[in-house]
Amino acid sequence: MKINLNANKDEESANAEQSAELGPWPRIRRKPTPRWPADSDLEELRQTLLRRQADFDNYRKRVEKERFEDSKRATARVIEGLIPVIDGFEHALAAHRESEYDNYRKGFELIYKQLLENLTKLE
């Protein structure tokens, strides 16, 4: 009876080659996928891109408009808050017409003019 010692070696080398090809996990053979999408897919992607760009442009415009409106409301609140201060200055300037209050009156008039100038710049 002859024992072929090379048979075990051939079988082991075949298994080793097969496992080297497959790696630690068996590979699943898949159909090759094309590198570029079909023309219909490409057109669909273009349309999606155009819609997204338009949506973003609309969003940007809406945010700019909201910021502008917020700024106008804030300015209006500041002006509304200063109206009683302006009234107080006008009453103070009208109340003291005597010559002994001339220096105070000039100071109040200067402050009053500066306040009005700055308020007109806010509009």
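Here is a tour that goes from the whole chain down to single residues.

First, the ground rules. This is a predicted model, where local features need pLDDT of at least 70, side-chain atom pairs count only at pLDDT 80 or more, and totals for chains, interfaces and linings use all residues. Residues are numbered from 1 along each chain as its sequence is written, and side-chain values use heavy atoms, with hydrogens and water left out.

**Stop 1: the whole chain.** Colour by pLDDT, the predictor's confidence in each residue, from 0 to 100. The protein chain averages 79, and 69% of the residues score at least 70. Now colour by secondary structure: there are three helices and zero strands, running α-α-α from the N terminus. (Helices are DSSP runs of H or I with at least four residues, strands are runs of E with at least two, and both are numbered from the N terminus.) Helix α1 (residues 5-22) has the lowest mean pLDDT of the elements, 54, while α2 has the highest, 91.

How much of the chain is buried? Of the 123 residues, 7% count as buried, meaning under 20% relative accessible area; exposed is over 50%, and partly exposed lies in between (1.4 Å probe, protein chains only).

**Stop 2: helix α2.** Select residues 39-95. This helix has 57 residues and spans 84 Å from its first C-alpha to its last, close to the 84 Å expected at 1.5 Å a residue; the expected span is 1.5 Å times one less than the number of residues. Zoom in on L82, where α2 bends by about 30°. That bend is the angle between axes fitted to the seven residues ending there and the seven starting there. A proline, P84, follows within four residues.

**Stop 3: the rings.** There are three aromatic pairs to find. Rings of Phe, Tyr and Trp (its six-membered ring) pair if their centres lie within 6.5 Å; planes under 30 degrees apart count as stacked, over 60 as edge-to-face and the rest as tilted. Start with F56 and Y59: their centres are 6.4 Å apart and their planes are at 35°, so this pair is tilted. Both sit in α2, three residues apart, about one turn of the helix. An α-helix has 3.6 residues a turn, so residues three or four places apart point the same way. Show the surface here: F56 is exposed at 53% relative accessible area, and Y59 is partly exposed at 44%.

Next, pick F89 and Y112, another tilted pair, with 6.2 Å centre to centre and 50° between the planes. This pair links distant parts of the chain, with F89 in α2 and Y112 in α3 (residues 102-122), 23 residues apart. F89 is buried at 15%, and so is Y112, at 16%.

**Stop 4: the core.** Which residues make up the largest nonpolar core? Select I86, F89, L93, Y112, L115 and L119, six in all. (Such a core is a set of buried Ala, Val, Leu, Ile, Met, Phe, Trp, Tyr and Cys residues joined through side-chain atoms within 4.5 Å.) The elements giving two or more residues to this core are α2 and α3. The cover over the buried residues of α2 includes α3. Leaving out residues up to four places away in sequence, L119 touches I79, L82 and I86, where contact means heavy atoms within 4.5 Å.

**Stop 5: R105.** Finish in α3, where R105 is located. Is R105 buried or exposed? R105 is buried, at 17% relative accessible area. Apart from neighbours within four places in sequence, R105 is in contact with L93, A94, H96 and R97.
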